[in-house]
Amino acid sequence: MHCKQCGSSENKFYTGRSVCNRCVILRRKVSGWKPSVVSKEKSRARNRERFRVVKEILVETRNSTCFICGCIYPNEVFDFHHLDPATKISEVSLLTHDLEIAKQEADKCIMLCANCHRMVHTGHIPKEAYA
């Protein structure tokens, strides 16, 4: 296979490309093209927004109230605590790509404010208080 840009057959080729790796790299250096920075930032922003929307929906279905202390806080303060870790598929925060799956996973949980959630995991709040 010969490179369409430099005509060389000695360089390696990206899969499915007609231009050799060397020419692709040179073209990117000359043009100043930086896809990883732009696409990572866009992807992160899109993921943050999707996470925010899904969490907002899940928290509002539970009246923005902590299960243990009963306090009302902003959406960002709440965590979902699995009652039975054996039924846990994933963390609710990682299931933002599909709202229905996130809802199903959240149904296995209780919603706690960050303070109560930390106290549950450190043993300051006994399981009898929330189970």
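## Order of the elements

Starting at the N terminus, the protein's elements run α-α-β-α-β-α. Here helices are DSSP runs of H or I with at least four residues, and strands are E runs with at least two, numbered from the N terminus. The radius of gyration, taken over C-alpha atoms, is 24 Å, well over the 14 Å that the globule rule (2.2 Å times the number of residues to the power 0.38) gives for 131 residues, so the protein is more spread out than a compact globule. Its C-alpha atoms fill a box of roughly 75 × 30 × 30 Å along the principal axes.

## About the model

This is a predicted model, where local features need pLDDT of at least 70 and side-chain atom pairs count only at pLDDT 80 or more, while totals for chains, interfaces and linings use all residues. Residues are numbered from 1 along each chain as its sequence is written, and side-chain values use heavy atoms, leaving out hydrogens and water.

## What sits inside

Of the 131 residues, 27% count as buried, meaning under 20% relative accessible area with a 1.4 Å probe, protein chains only. A nonpolar core is a set of buried Ala, Val, Leu, Ile, Met, Phe, Trp, Tyr and Cys residues joined through side-chain atoms within 4.5 Å. The largest one has 19 residues, and Leu58, Phe78 and Val92 are among those with the most contacts inside it. Its largest share, five residues, comes from β2.

There's also a second, separate core of five residues, including Cys3 and Val19.

Key
Buried < 20%, exposed > 50% of the residue type's maximum accessible area, 1.4 Å probe, protein only.
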